[in-house]
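Please read the following points alongside the structure.

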Amino acid sequence: MKSAQYETTLILTPEKSDSEVSKLIKGYVKFLKSHQAKIIHEESWGLRNLAYPIRKKTTGYYYIVEYVAPTELIKDLELNLKRDEAVLRFLTVKLDKYAIDYNERKRKGLIGREKIKDADAEPSEKKPVKEVQNTEE
């Protein structure tokens, strides 16, 4: 059985409550696990504005799941996502070695917003700024 690493991004309808969204996500994660998928990372982006209205909705719950799964499973997962009325949009991407490496470094905080914060906190290797003494006469 051939397998690969995938990332699925879901946008769920904002009409569901937080507990209903959580229950839906747990259902899809359980579906993946029951079909021999290994979950690598899950991330909820919460309720966000959409770039354009989808089914007259301007917001949606974003959720990202990264996993290793048999290639045949993706077809079944996407069929279930298409049938679910709570799913506004979804996108499944097969990750190549560069994307896997990028995601790992991002989770470790080596790139992205956290890296920028760290760069601001670290002392720079530049020469220290000399203090200018006020020599007023």
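1. The largest cavity holds about 60 Å³ of space. In this predicted model, the structure contains 1 cavity of 30 Å³ or more.

2. Which residues line the largest cavity? The lining consists of Thr8, Leu10, Tyr28, Leu32, Val65, Tyr67, Leu77 and Leu81. By type, the lining divides into 7 nonpolar residues, 1 polar residue and no charged ones.

3. At least two residues of this lining come from each of four elements: strand S1 (3-12), H1, strand S3 (57-70) and H2. Both helices named here also meet each other, through contacts between residues such as Tyr28 in H1 and Leu77 in H2.

4. Helix H1 spans residues 18-34 and helix H2 spans residues 71-83. Their axes come within 11 Å and cross at roughly 160°. Angles over 145 degrees count as roughly antiparallel, and H1 and H2 are therefore roughly antiparallel to each other. The crossing in which H1 passes H2 is right-handed.

5. On the H1 side, the contact involves Tyr28, Phe31 and Leu32. Their partners in H2 are Leu73, Asp76, Leu77, Asn80 and Leu81. The residues of this contact comprise 6 nonpolar, 1 polar and 1 charged.

Notes
Residues are numbered from 1 along each chain as its sequence is written. This is a predicted model: local features need pLDDT of at least 70, side-chain atom pairs count only at pLDDT 80 or more; totals for chains, interfaces and linings use all residues. Side-chain values use heavy atoms; hydrogens and water are left out. Axes are lines fitted to C-alpha atoms, for helices over the stretch in contact, and angles run from 0 to 180 degrees between N-to-C directions. Angles under 35 degrees count as roughly parallel, over 145 as roughly antiparallel, 65 to 115 as roughly perpendicular and the rest as oblique. A crossing is left-handed if the near helix is turned anticlockwise from the far one by less than a right angle, and right-handed if clockwise. Contact means heavy atoms within 4.5 Å. Ala, Val, Leu, Ile, Met, Phe, Trp, Tyr, Cys and Pro count as nonpolar, Asp, Glu, Lys and Arg as charged, and the others, Gly among them, as polar. On a 1 Å grid over the protein atoms alone, a cavity is a set of points where a 1.4 Å probe fits but cannot get out, and a pocket is an open set with protein on both sides within 12 Å along at least five of seven lines; lining residues have an atom within 4 Å of a point. Grid points are joined across faces, edges and corners, and a volume is the space filled by probe spheres set on the points.
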